Amino acid sequence: MKRRTFLQAGAAVGGGLLLDFYWAAAPADAATESKAVVLNAYVRLSPDGLVTIVSPNPEVGQGIKTMLPMLIAEELDVDWKDVRIEQALSDPAVYGRQFAGGSVATPLHWDPLRRVGAAGRQMLIAAAAQTWDVAPSDCDASSGVVHHRPSARHLTYGALAARAATLPAPDLKTVVLKNPKDFKIIGTSKRGIDSPLVVTGKPLFGIDITVPGMLYAVFEKCPVFGGKALSANLDAVKALPGVRDAFIVAGGTVFDGLTSGVAILGTTWWAAQKARQSLEVVWDEGPTAWQSTTGFARRALELSQRPPTLKVRSEGDVDAALTASAKVVEAAYSYPFIAHAPLEPQNCTAHFKDGKVEIWAPTQNPDPGRKIVAKTLGLTDADITIHMIRCGGGFGRRLMNDYMVEAAWISKQAGVAVKLLWSREDDMRHDFYRPAGFHFFKAGLDAAGKVQAFRDHFVSFGADGKFANAAVLTPSEFPARFVANLDFAASLMPCGVPTGPLRAPNSNALGFVFQSFIDELSVAAGRDPVQFRLDLLGERRVYENPAGPNGPTPPFDSGRMRDVLALVAEKSGWEKRASLPAGSGMGVAFYYSHFGYFAEVAQVTVSAGNLKIDKVWVAGDIGSQIINPTGAENQVQGAALDGIGEALGQVITIEGGRTVQGNFNDFPLLRIHQAPPVEVHFLVSDHPPTGVGEPALPPVVPALCNAIFAATGKRIRSLPIDPKALA
Amino acid sequence: MHYRIEVNGRQHEIEAEPDMPLLWVLRDLLDLKGTKYGCGVSLCGACTVHLNGAATRSCITPLSSVGSASVTTIEGIGATVVGRKVQDAWLDVDVVQCGYCQAGQIMSAAALLAKTAHPADADIDRAMAGNLCRCATYVRIRKAIKQAAGVGADKAGVAP
C-alpha cells in the first residue's frame, strides 16, 4: 500500500510539546484510503522534566501500555524514571486503529513509534540550537538534556519544550534512528506501569468504574443463541427490594450487536442480580434450539464420508501417491468449543444524556463498538465518547462489543447512568466461542519414511462456502508446500453458536491436530520426532504465502523454524530422553503463527493414570529485538500454561442450542498445582520484531499430547484430554 | 438491617440485607474496589479477603456472618509487614499481566506467609490452589511467594 507520512507539531495544553504522527493512505485511491492505517502518539514534556507519553492501544494484560511508550522514550532519549504514561481515549481520527489483537502491536508500531520519538528529539535539539544560535550538528541529546559540545552548555527538554513546539516537524522518513547497540530502554526489563496500583487494589478495571448517580444493571439474555424475550413478570421484579427498573430490550439476532433480553436495574449489583431469581421470561428460542454438540459430531462423521465441498489447497495426485505409499496412516482428530472466560466478566458503564453517550468500556476493540452503538441508538460517531479501561483479560473475547451496546441502550432506556455487569454464568453462556472442529487425516510414507501424500478433510462450521469466524483452514497451513501431493478441503455445517477468535485463533486448534498427526507419521516412519520434523522442513527456504481467506499472509521461513526446533531440542535435553524413567516421556511440536516461530518440548510423567506435567521448554524467534524481556517471558509462560489449561479440561457443550457449562466448576481453568515450570529461550534473528501474546500457545498442546504418547503409547486425538484414556 | 463492621481498622455503619455478600458490601457500599468479582461461588479466589487474618472468599460470606471479625482487604494489607513484603515481591518479580486476580492472589499469599513463614512448594500449592489466574502467571506467583518468604536462591528481580 502506498502511504504518505505526516508529522504535525503544535503547542499542547500547558505549553508542552504535542507530537501528532499519523500515516494515511494516498487519497487518490479511494479503495486504498478506506483501508488506511492511521497511527498516532503523543509526547508531552513538562518544565519539571517529566515526560508524559500517551499509549494508544487497549491494555488487556499483554503489557502494551508499558511497551509502546518504551519505543518512543528510547528514541526521544529520556530516562524511564521520568516517564508517565496515559491511556488514550478511543479516537481513531487522532490515534488511528486502537485495538488489541493478532499480536500485531509490535510489528505495526516498532518503526513508526520510534520515529515519533526520534522526531521529537530532533526538534528539541533544533530548539536548543536556536536558543544558543549554534549549529544543530554541534548538539546532541540524551536523558532529557540537550548538550552543546563546543561550549559545554546544556538545557533540559522541559526548558526547551515551548520553543520546540513552535518548530516545523521533520519528515518522519528521514529522521535518524538509533543504532540498536545504543538502546538504553528497549531490551531492558520494565515492570508493568500500572502494577503498583494493581498490587495495592486501586480501581483500575471496567468493573471498578463509578459514575455519580448510576444504577447497577444485569441483563438476562435468552439461553438459546438468537432467541428473543416475548414477555416477563416485570411488575413483580420491579417490586423487589433494591430494584429500580426492569424492562424488555427488543434486540436483534446479530450476536455482536444488541440482542434481546430483560434488563434489571438496582441500587447495588447484588440487588439486581438477586432479582433474577424471581424473574420469569417467556422466550422465543429461535431457529437453532435443536443444535447440540452430539449432533455436530454425528453430522461431522457423516460429512467425512462424503466428498468435501470446499477446496482449500490441492497439489499433485494424493490418491495415486497414497496407492504408491509403503505405509498409509489414517486418523480422525477433534476439538471442542471453548470459552474465553476472562476473569473479569463482561461489563460496561454508560451514561446517555442529551443525545450523547459516554462509555467506559474494558474493550480490546473500541471503534467497532462505537459503530454498533451509533447504529443501534441512532447516533453519530461524534456523539459517542469511549474511555478504554484496563481489561481483566481479553483473549479475544473483548474484540466483540455486545456488552457495550447493551450498556448504552439500557442507559438510554432508563434515563440514568448504568454499570452493566454480567455474572460469570452470563459470561460463559454468551461468549463467541473457539469453534469445535473435526479433521480426518490420511497420509502416505515411502519405504524410507518420507511423507509422499497428505490429506486433511476438515469438517468445520460455516455457510455459503465460507468458514465461520475463527473456524478457518488456510492454504498455507503446514505441511502445505512441504509435501508434493497434498489436499486440504472442507465440509461446512451451519452453526447457531456464536464463534470468534480466541488467543491464537484457528492456530490454537490447528496446531494440536497437525502437529499431533505429524507426530504419528514420525512414529510410523520409525524416526526421531525432532529429526522427522527437520527433514519435513527440509532446506532453509523462504516460502511466499498465497492470500488466504483473511487476506495476504507473510512468508514462511523454514530456516527460522529449523533453528528454534534445534534450540528447544538442545535446551530440553531431547537427545537424552531415553534415560527418563518408565512412565515419563517428552513430546515436541512447532508452530508458526502471528509472525512468530515457536518450538516447544513438554515432559510428562503418567503413573496409575495420573498425568503430571514436569516441565515445558519453549524456543521462540520473534525477531531482532525482545523489547521488554520481562514482559515477553511472562507472555510466553502464560501462553504455554494457557494452552495446557485448554487441553486438560476445557470444553463447552451445546445442548438444545444453548451452553451447558456456567462456571469454573464445569469449565476448569488451570490452577497453580497443575502449572509446570516453563523455561523460555528467545533466538534473536535478523528480522523485524514481532508480537508475542499469541504464537507461543499453539505448539504447547501437541507437545503435551505427544509427550503423553511417548510416556504411555496412548495417542490423544480429541480434546480435552480424557483422564480415563491414560489409565 | 443495620450492621457495624470493621474493615482495614476502621468501623463502618452499613444498612443492607443480611444475605448481601461481603464482596458487594465492600465494593458497592464502601467503595473498596480492590476486591474483585470473578465467579460468585468461591471457585476463583478473586474476592479473597482476610477475616481475623484467615483467607476468606468474600463472595460467599454473607454480611450477617461477619459480626465483629476484623476484615482486611487488599487496600489494607500493605499495613502489615507480611502484606507489604508480598506486594513488594509481586512488583520485583513483575508477576502481573492483566492483574485482575492479583488482589486475591496477594491476600492468599499473605495469609499463607503469616502462618507458614517458609513455605515448601506443597504449602504454596495448597494455599494458592483456590486462586485462579486466567493469564496463568503461576510461575511468577510461586517465585514471588518464595522471594517474599526469603526462601530459594532466586533473587533476580526486574528493574522498575
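1. Helix α2 of chain B passes helix α3 of chain B in a right-handed crossing. The model under review is predicted. Helix α2(B) covers residues 81-93 and α3(B) residues 102-115; their axes come within 9 Å and cross at roughly 130 degrees. An angle counts as roughly perpendicular from 65 to 115 degrees and as roughly antiparallel over 145. The two helices are therefore oblique to each other. On the α2(B) side the contact is made by B:Val82, B:Gly83, B:Val86, B:Gln87 and B:Trp90. On the α3(B) side it is made by B:Gln102, B:Ile106, B:Ala109, B:Ala110, B:Leu113 and B:Ala114. By class, the residues of this contact divide into 8 nonpolar and 3 polar, with no charged ones.

2. Helix α2(B) also packs on helix α5(B), residues 138-149, with axes that come within 8 Å and cross at roughly 130 degrees. From α2(B), the contact takes in B:Lys85, B:Val86, B:Ala89, B:Trp90, B:Asp92 and B:Val93. From α5(B) come B:Arg140, B:Lys143, B:Ala144, B:Gln147 and B:Ala148. What is the class make-up of the contact of α2(B) with α5(B)? It has 6 nonpolar, 1 polar and 4 charged residues. B:Val86 and B:Trp90 are listed in the contact with α3(B) and are listed again in the contact with α5(B).

3. Chain B has an open sheet of 5 strands, ordered β2-β1-β5-β3-β4, with mixed pairing. Its edge strands are β2(B), residues 10-15, and β4(B), residues 54-57, each of which pairs on one side only. On average, neighbouring strands of the sheet are turned by 40 degrees against each other, with direction ignored.

4. At the β4 end of that order, β3(B), residues 48-51, and β4(B) run antiparallel and are joined by 4 bridges. One residue pair can be named here: B:Thr48 has B:Arg57 in β4(B) as its bridge partner. Which helix lies across these two strands? Helix α3(B) does, running at about 35 degrees to β3(B).

5. Between them, 15 residues of domain 1 of chain B are in contact with 12 residues of domain 2 of chain B. On the domain 1 side, the elements that give two or more residues are β3 and β4 of chain B. Strand β3(B) gives the most, with 3 residues. That side has 6 nonpolar, 8 polar and 1 charged residues.

6. For chain A, the domain assignment gives three entries: domain 1 (3-188), domain 2 (206-287 + 346-421) and domain 3 (307-336 + 433-544 + 554-726). How far apart are the C-alpha centres of domain 1 and domain 3 of chain A? They lie 40 Å apart. The contact between these two domains takes 16 residues from domain 1 of chain A and 17 residues from domain 3 of chain A. Helices α2 (64-76) and α4 (105-132) of chain A are the elements that give two or more residues to the domain 1 side. Of the elements on that side, α4(A) gives the most, with 4 residues. The class count for this side is 8 nonpolar and 8 polar residues, with no charged residues.

7. The contact between the chains takes 49 residues from chain A and 48 residues from chain B. On the chain A side, two or more residues each come from α6 (195-199), α8 (269-275) and α17 (629-649). Which of the elements of chain A gives the most to this side? Helix α17(A) does, with 7 residues. By class, the chain A side has 22 nonpolar, 19 polar and 8 charged residues.

Terms used: Residues numbered from 1 in each chain as written. Chains lettered and ligands numbered in written order. Predicted model: local features only at pLDDT ≥ 70, side-chain atom pairs only at ≥ 80, totals over all residues. Axes fitted to C-alpha atoms, helices over the stretch in contact; angles between N-to-C directions. Parallel < 35°, antiparallel > 145°, perpendicular 65-115°, else oblique. Left-handed = near helix turned anticlockwise from the far one by under 90°. Contact = placed C-beta atoms within 7 Å. Nonpolar A, V, L, I, M, F, W, Y, C, P; charged D, E, K, R; others polar. Domains from an automatic or database assignment. Pairing = 2+ DSSP bridges.
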